[in-house]
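Please read them with the structure open.

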Amino acid sequence: MKKKSARLRLIDTTFRDANQSLLSGVLTADEVVPIAHLMDVIGFTAMEAFGGATFETQLRRGEDPWEFLRKLAKATPNTSVQALIRGQNLVSSRNFADDTVELFVKHAAKCGVDVFRVFDPLNDLRNMETAIGAALKAKKKVQGTLCYAISPAHNIELWISIAKGLANMGCHEIVIKDTSGLLSPQAAWELVAALKQSVKIPVDVHSHCSTGMAPMAYMAAVEAGADILDVAMSPLAWGASQPAAESVVAALQGGEYDTGFDLEQMWEANTAVEVLKREHIDDLSPFADRVDADILRYHMPGLMLEDIYRQLDSHEAGGRIREVLEDANRVRLELGYPPLVAPIRQMIATQAVYNVIGGERYATVTQELKDYLQGLYGRPPVPADPELRRLVLGREEPITIRPADLLEPQVDGARLQLRKMGVEVTDDAVLIQLLFPNLAASYRKKDAAAAAPKPKATAVNAAPSPPSPPPAKPDPPPPPPPAPPTTTAEFDVEVEGEVFKVRVTGAGMAVTPVAAGAAPAQAAAPPPPRSGDGTVVAPMQGLIVKIPIRAGDDVKLGDVVAVLEAMKMQNDIVTTVAGKVRDVYVKEGEVVTPNQPLLAIG
């Protein structure tokens, strides 16, 4: 007779992954904490509700992510709070020095995190080591993560090697993290079975329902020996999210893999989450509730496909979607088959869009792509294409050491900076300043405004009322307050020989034709030069942040001639011809439009 396995455990992702995948992280602390309290009696091993992109999202709307964590931990005394940590990136998209990573993990543990799920976008163990060590030092549970991917480089041998490395670092559990929903039932069975034979620690399976395979993969994983499954409460399950907790509990009830959960205990929380979803129905992602076969075809997560569609729409180039999807897979191959998780997937999506709409592959490259090829993200599964590296980096050699070894300690500098600004130096404030310096100032202003005492009404001793005067005519109403000052801009635009005056104010825009023969208020700018051989044009709308060359300079093939900031990335624009810079048509700080000539070489 087969020996009955230990009780299958479930981890809830409703407030972190489901919230991000379906609602772009819109749920607030005031909405999450009361429902988490209802869910505390259900029996989840942990609730993943901290980390990932939630930290930044909360800061942007003026919420304190640390206070949220403290409230959440207090509201869930029976359930562990879990955080998702992107290795040396923590909850951002860039590397931090070891002292920052150690302080973040220590402080998160102090504020209520019981389980740290640590991953790296490239599965580079070097980028996970410090976070794992800090969590173990804090005496917390650590889950080491395999970012699942399909490629010629990803096979059972590679997965076992990574898992053994994580186990040797002291991880208590291994997670198969399938952000694309590409884990098939057969692959799930083979991978879980291999891991159970190779590492003697529990295995957790995390997948998304984007392709429709996740429930089948979960069943196969359980039969192969998986110990834990990630689920979400059903109103925020399915689609781009995880399988529904209620469905998994019901499907396994009464059998060998019964979770032991009482469905009756889940209905109150289920109803509360359903009400919350209805309140945010307008925030649901358009990709949220459907199966997308393109994920199976192109091996890309739904969020990456959504990002590509959005970028193409901004260029009015939606008809080129197939070209971009095919180029994205080509870019991924050239980069060494990295798993398509954040922030790698955004980098590949953006580069593929540039390659297609720019007319020439890699004529424009993002700073992130340069950093990747420089080795600043870590080691990919296989080395990147050497020709691409030479094209982008020239003679620069990529690093071979751990990327964080290039960083100086950061914490003491941040403390000193806050003291100079007159900000109370707490670990909360130091970490917000280090992780998101561009958001920290605006966040502190919102926080101060919210904490400012409101004026209280002054009590006045009552006195006998004088005799009422005879009725009088009412005073005329006071004049309306003056309208707030608005910024006004006026300029003339010539369209097919006719001049129009455009006036933009806070109230809107007005366009009026200029009478024939009337002198315009401002001389119309000369039309931009036409594109031609040797003309470098903007690949998309953005801000020119740097022009490193001047008219008369000699440039070589592949030299950076402009840096364009677009879609939150700085993009190097390189020349595809060699010669002398004839004219420079734009200035630093100028906003340019797609295909606008920037400079001429010849």
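1. Cys209 is buried, with a relative accessible area of 4%; buried means under 20% relative accessible area, exposed means over 50%, and partly exposed lies in between, using a 1.4 Å probe and protein chains only. Cys147 is buried as well, at 0%. How many disulfides does a search of the whole structure find? The search finds zero, where a disulfide is a pair of cysteine sulfur atoms within 2.5 Å. A disulfide is a covalent bond between the sulfur atoms of two cysteines.

2. A word on the source. This is a predicted model, in which local features need pLDDT of at least 70 and side-chain atom pairs count only at pLDDT 80 or more, while totals for chains, interfaces and linings use all residues. Residues are numbered from 1 along each chain as its sequence is written, and side-chain values use heavy atoms, with hydrogens and water left out.

3. Next, the overall figures. The protein has 20 helices and 20 strands; these are DSSP runs numbered from the N terminus, with helices (H or I) of at least four residues and strands (E) of at least two. Of the 602 residues, 50% are buried. Among contacts (heavy atoms within 4.5 Å) with a separation of 6 or more, 70% are between residues 24 or more positions apart. The accessible surface is about 29300 Å², and carbon and sulfur atoms hold 55% of that; such areas come from the Shrake-Rupley method with a 1.4 Å probe, and for residues only the protein chains shown count as cover.

4. The structure holds ten aromatic pairs. Rings of Phe, Tyr and Trp (its six-membered ring) pair if their centres lie within 6.5 Å; planes under 30 degrees apart count as stacked, over 60 as edge-to-face, and the rest as tilted. Phe50 and Phe104 are a stacked pair, because their ring centres are 6.4 Å apart and their planes are at 20 degrees. Phe50 is in strand S2 (residues 46–51) and Phe104 is in helix H5 (residues 98–111), so this pair ties together parts that are 54 residues apart in sequence. Phe50 is buried at 0% relative accessible area, and Phe104 is buried at 0% too. Tyr372 and Tyr377 make a tilted pair, with 6.1 Å from centre to centre and 45 degrees between the planes. Both of these tyrosines, Tyr372 and Tyr377, are buried.

5. Which residues form one aromatic cluster? They are Phe50, Phe55, Trp66, Phe104 and Phe436. Elsewhere, the charged end of Lys177 sits over the ring of Phe119, 5.6 Å from its centre. For that description, NZ of Lys or CZ of Arg must be within 6 Å of the ring centre and within 35 degrees of the ring normal.

6. Is Arg16 buried or exposed? At 4% relative accessibility, Arg16 counts as buried. Arg16 belongs to helix H1 (residues 14–23). Leaving aside residues up to four places away in sequence, Arg16 touches Glu48, Ala49, Phe50, Gly51, Gly52, Thr54, Leu84 and Lys177.

7. Ala73, in helix H4 (residues 65–75), is partly exposed at 24%. Val81, Cys111 and Gly112 touch Ala73, not counting residues up to four places away in sequence.

8. An open antiparallel sheet has four strands in the order S13-S20-S18-S15; two strands pair if DSSP finds at least two bridges between them. Strands S13 (535–537) and S15 (554–555) stand at the edges with a single partner strand each, so one side of each has no neighbour in the sheet. Strand S18 (residues 579–584) and strand S20 (residues 597–601) are joined by three bridges and run antiparallel. Asp583 stands opposite Ala600 in S20.

9. Finally, some backbone details. The peptide bond joining Ala342 and Pro343 is cis, with omega about 0 degrees, and Pro343 is in the loop between helix H14 (321–334) and helix H15 (344–357). Leu90 is not a glycine, yet has a positive phi of about 60 degrees. Leu90 lies in the loop between strand S3 (80–85) and H5 and is buried at 1%. Asn123, also not a glycine, has a positive phi of about 60 degrees. Asn123 is in the loop between strand S4 (113–118) and helix H6 (129–137), and is buried at 8%.
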